Amino acid sequence: MDTTLTLANVLFVVIAVLLPLLLWKSQRKQFGRLPPGPALNPLLGNLLQFDVKEPYKFYLKLSEKYGSVVTIWLANTPVVIISGYEALKETMIGLGEEFSGRDNYPLIMKATLGYGVLSTSGHRWKEMRKFSLMTLKNFGMGRRSIEERIRKEAEYLVEMMKKFEGSAISPADMLSNAVTNVICSIVFGHRFEFEDPQFKFLLQTVNTYFRILSSPLGQLYNVFPKLISLFPGKHHQLFKDLEEAREYFKREAQARMNNGDPSCPQDFIEAFVLKMKEEKDKPDTEYHFDNLVSLLWNLFSAGTETTSSTLRHSLLLMMKHPDVQERVQKEIDEVVGQDRWPSIEDRQRLPYTDAVIHDVQRSMDLAPIAIPHKTMCDTEYNGYVIPKGTMVIPLLSSVLIDPKLWKNPNCFDPENFLDGDGRFKKNDAFVVFSMGKRVCLGEALARTELFLFFTSLLQHFTFKAMVPPEELDTTPTNCSFSRIPRTYECYAIPRI
Ligand code: HEM
């Protein structure tokens, strides 16, 4: 045997296998006492086992095997997955400050550049969150004034659907228009005509952003941003559109900066501009254009597609379950009648309808992994130490389908939210908006919108599928970051 060749082989094995292994072991030591997880490849971690199409299903399987806290490795980066109601409560609420960071998801960072509320941590996040919550409340979130804006949009929506006189419609765009206009009226102080090119551009950009974020391409970009940037694909056009959206927001803000009377702000942008003027001499102020522009993107991206796709899915489920649709309509007819629009005060007297909306949200599981968090410091939990800066996934899915917490966890069933007497039964495991310090900032707005749009639509129309209900497919299309429900055509048959 050629000894030079044998030596070369040995050297090759050392370099190719043992060296990475040694590097890996020394690197892992820095990560202290992380929770357990599946066996891994020294170079790729658990990437080969990872399900890019439906990662949350992979996480659910791991939690069944390893318990409520699990570590996986994306190449050489650890990710901790937390599942189950108790563990999520103990971490997201009990250790809320420690788990309050936001991990730098590359695709989200591309849109926000590290500013705004959704993708920031620490002082910047706290300041932006406090300002956003206060300003949204000032403009009516959770109050009657927002109800007026939503009702007006519901009226436009109903009028638009009526024009089709029961022939086939594709409700996706109409629902997006209505929901986006609610945010527009808060952010810009006015609604848009559906044909407005700027409005259409914003809608399209948010829609594409969500689709890419929730696709295998988005997952790959989030793990290997530099590599995926080298390949052609839809993401390049998206990046250009995101830049254009930022420019548009900036122009809107600049116009208010130059012209408006900011002492009495009429919209979200004016309220921010007022703060910018108040703090212009503070060198470390968070009130500047970069934060404003990203904040606006956060409100549009998090506040439109989520709510409109929930409405889209709710109509699909009504067509799949015509008996449920009929019972909702009967309840609305008895309580609201047909001569006035539903109001938020009706909710308490519409327990079945309320249960339907809740179980639409629970069963569709829109955000199975919430938006990944990060630890703000080395954090001890359950005997493990999760180092500062580790990505943490709150696996909301694990709570929403837990058979110990729901009567019928695996399919849509309003009984999950009703007691034996048909009264609405609250359940703390309803964590679709997540929990703790990072809980959805627009929860109150989303709940009001879902209730008013859904009840107004079912008061005016019966929704009927183009195929028999048993042939309707209700499974979502994209399932990675968020579970995006199907788009479809249907009949909206007028009742009034
Ligand atoms: C059905 C509708 C909605 C659902 C299911 C939903 C769900 C969520 C979830 C799961 C999170 C992540 C929480 C976490 O990190 O643990 C979140 C965050 C957020 N949501 Fe919503 N959301 C909805 C509607 C809205 C609306 C209407 C707005 C806008 C006003 C909004 C604005 C936000 C923002 C800004 C964040 C980031 C909060 C932060 O990082 O502190 N969402 N949402």
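Because the model is predicted, local features are taken only where pLDDT is at least 70 and side-chain atom pairs only at pLDDT 80 or more, whereas totals for chains, interfaces and linings use all residues. Residues are numbered from 1 along each chain as its sequence is written, and side-chain values use heavy atoms, with hydrogens and water left out.

**The ligand and its shell**

Select the ligand, which sits in the largest cavity. A cavity here is a set of points, on a 1 Å grid over the protein atoms alone, where a 1.4 Å probe fits but cannot get out, and a molecule sits in one if more than half of its atoms lie within 2 Å of its grid points.

Next, show the 26 residues around the ligand, of which Arg 129, His 373, Ser 434, Arg 438 and Cys 440 come nearest; a residue is near a molecule if one of its heavy atoms lies within 4 Å of it. The shell divides into 15 nonpolar, eight polar and three charged residues, where Ala, Val, Leu, Ile, Met, Phe, Trp, Tyr, Cys and Pro count as nonpolar, Asp, Glu, Lys and Arg as charged, and the others, Gly among them, as polar.

Colour the helices α5 (122-138), α13 (289-303), α14 (305-320) and α18 (443-460), each of which supplies at least two residues of this shell. Of the elements, α14 gives the most, with three residues. Helices (H or I, at least four residues) and strands (E, at least two) are DSSP runs, numbered from the N terminus.

Now display side chains around the ligand's oxygen atoms. An N or O atom in the side chain of Trp 125 is 2.8 Å from a ligand oxygen, one in the side chain of Arg 129 is 2.7 Å from a ligand oxygen, and a polar side-chain atom of His 373 also lies 2.7 Å from a ligand oxygen.

**Glu 286**

Move to the loop between α12 (268-278) and α13, where Glu 286 is found. Is Glu 286 buried or exposed? Glu 286 has a relative accessible area of 9%, so it is buried; buried means under 20%, exposed over 50% and partly exposed in between, with a 1.4 Å probe and protein chains only. Its side chain makes a polar contact with the side chain of Arg 124 at 2.8 Å, a polar contact being a pair of N or O atoms within 3.5 Å in which, within protein, one must be able to donate a hydrogen and the other to accept it, and residues adjacent in sequence count only if both atoms are side-chain atoms. Beyond neighbours within four places in sequence, the contacts of Glu 286 (heavy atoms within 4.5 Å) include His 123, Glu 127 and Phe 272.

Select Ser 176 in helix α7 (residues 171-187), which counts as buried because its relative accessibility is 11%. Not counting residues up to four places away in sequence, Ser 176 touches Leu 203 and Ser 308.

Then go to Asp 419, in the loop between α17 (396-400) and α18, which is partly exposed at 22%. The side chain of Asp 419 reaches the backbone nitrogen of Asp 421 at 2.8 Å.

**Two loops with positive phi**

Finish with Ala 75, in the loop between β1 (69-74) and β2 (77-83), where phi is near 55°, a positive value in a residue other than glycine. Ala 75 counts as buried at 17% relative accessibility. Asn 382, in the loop between β6 (379-381) and β7 (384-386), has a positive phi of about 55° although it is not a glycine.

Definitions and conventions: On a 1 Å grid over the protein atoms alone, a cavity is a set of points where a 1.4 Å probe fits but cannot get out, and a pocket is an open set with protein on both sides within 12 Å along at least five of seven lines; lining residues have an atom within 4 Å of a point.
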